[in-house]
Amino acid sequence: MRKPIVAAALAAVTLAAAGCSGSTSAGSGGATCDGKIDGTHTIKTFYHAGGAEKDAFLSLVKDFNASQDQVKVEVESVPEGTYNDSVQAAAASGKLPELLDFDGPNLYNYAWNGNLIPLDECLDKKTREDLLPSIVEQGTYDGRLYGVGAFDSGMVIYAYRSALEKIGARIPEGNDDAWTAEEFTEILADLKADGYERPLDMHMWYGRQGEWFSYAFSPIVQSAGGDLISRKDFQTAKGALDTPEVVSAMETFQSWFQKKYVDTEAQDDSPFLKKKSPLAWHGMWAYKNGYHEAAGDDLVAVPLPDFGNGAKTGMGSWQFGITTQAEEPDAAAAFLKYVLEEDSLLTLYEAVGAPPSTNTALEKTDIYAEGGAMRLVTDNLQQAPKVAVPRPQTPAYPTITQAFAQAVDDITQGKDVKQALDAAVRRIDQDIKDNGGYQAQE
């Protein structure tokens, strides 16, 4: 089972300052792009992935290096489990590579610490305009674009159509007619009555130590009209994460566990693959990683439930950014632009199965293009940030995700929902206070 898109371990990332801590300018030790590459350059990049994704990426590097003689790219593979530690160590010692591969939400801390330069002048207008809205949303911090990914992600509920039809459940066609939370709860009850002991797999085995709980379940909060933090100024979670509507939504979520609708014992995807659980709350990557093969034409993907303010979904993935260590940012940008070309993105798509990051490439895929089986994911990403909601664009995100994950863990274990959310609010707000509001320091 492959899940590098969202489930990598996310440690607290408060990088040791490389240059002026808290600076969001491009001037903290780094040059800016001017559209010219003087001389020849060898640039290095970290890369996290293994398997087919790494093979595809290395193939792109080889092809790029052979296509011209001005820029040579060298790849240093860094284990995903210790990736942030490696970045921290490199930043502290002033040895970051010119190009950095990083999980999307880490961007905000890296940019705040002055480790990245803005990409607004590094990518041409045509390239920027072809990016999915979700890619731009995730890659933007403090009004500047600091990162772009080769692909994005999204959440759906997978279901066996036959199981839904047997209990008379309607099958939503898109976000506009997503199941309400009450309707979804009734479907779970009906499936259980029909003989499915645990009708829903929410992949709890991914665990709260990674980012799964935040990625997968924050859409419940956002669909209820709340959020993990107030995005007006990113200074408090109070009034966003602890509203009565959010408490009610998370109480509904808790009820699924109390009524034993959720498979909490699974250690892999077998509940859905073997149809023991005919519903799965999962990411788009599962379609090409066993789900379609197992269910065939009986497989259907529908939106997450609507808790009152429309169905929402998680989004985001790994991105690339140019670091302040780059003496010639345009050299790094040349390779970045090569990665964003249609052929390159489709090469990575074949290896990863995730939606490519540009509209042009995405429409050439078999499952995300118009009429494709996973077109719902495309429609959601096109509606970012209204439907596909990026992680909060603040350096406080590592604490936010850990605090919310703890709340989810407590809630699923039966703790009072309001108390669990209040505790998360206190932890988030204290971190923001301890860091001076994460204000930019020029």
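Predicted model: local features only at pLDDT ≥ 70, side-chain atom pairs only at ≥ 80, totals over all residues.

Colleague: Helices then. How do α9 and α16 cross?

Modeller: The axes of helix α9, residues 244-258, and helix α16, residues 397-412, come within 9 Å of each other and cross at roughly 50°, which means that α9 counts as oblique to α16.

Colleague: And which residues make that contact?

Modeller: On the α9 side they are Met250, Phe253, Gln254 and Phe257, and these meet Phe404, Val408, Ile411 and Thr412 of α16. Sorted by class, the residues of this contact are 6 nonpolar and 2 polar, with no charged ones.

Colleague: Switching to pockets, what volume does the largest one have?

Modeller: The largest pocket has a volume of about 400 Å³, and of the 26 residues lining it, Glu173, Gly174, Asn175, Leu376 and Asp379 are the closest to its centre.

Colleague: Which element gives the largest share of that lining?

Modeller: That is α15, which supplies 4 residues; both β9, residues 299-302, and α15, residues 375-382, contribute at least two each. By class, the lining of the largest pocket holds 11 nonpolar, 8 polar and 7 charged residues.

Colleague: What about the second largest pocket, which residues lie nearest its centre?

Modeller: The second largest pocket, with a volume of about 300 Å³, is lined by 15 residues, and those nearest its centre are Tyr141, Asp142, Asp233, Phe234 and Gln393.

Colleague: How many charged residues are in that lining?

Modeller: The lining of the second largest pocket has 2 charged residues, alongside 8 polar and 5 nonpolar ones.

How values were computed. Residues numbered from 1 in each chain as written. Heavy atoms only, no water. Axes fitted to C-alpha atoms, helices over the stretch in contact; angles between N-to-C directions. Parallel < 35°, antiparallel > 145°, perpendicular 65-115°, else oblique. Contact = heavy atoms within 4.5 Å. Nonpolar A, V, L, I, M, F, W, Y, C, P; charged D, E, K, R; others polar. 1 Å grid on protein atoms, 1.4 Å probe; cavity = no way out; pocket = protein on both sides within 12 Å on 5 of 7 lines; lining within 4 Å. Points joined across faces, edges and corners; volume = space filled by probe spheres on them.
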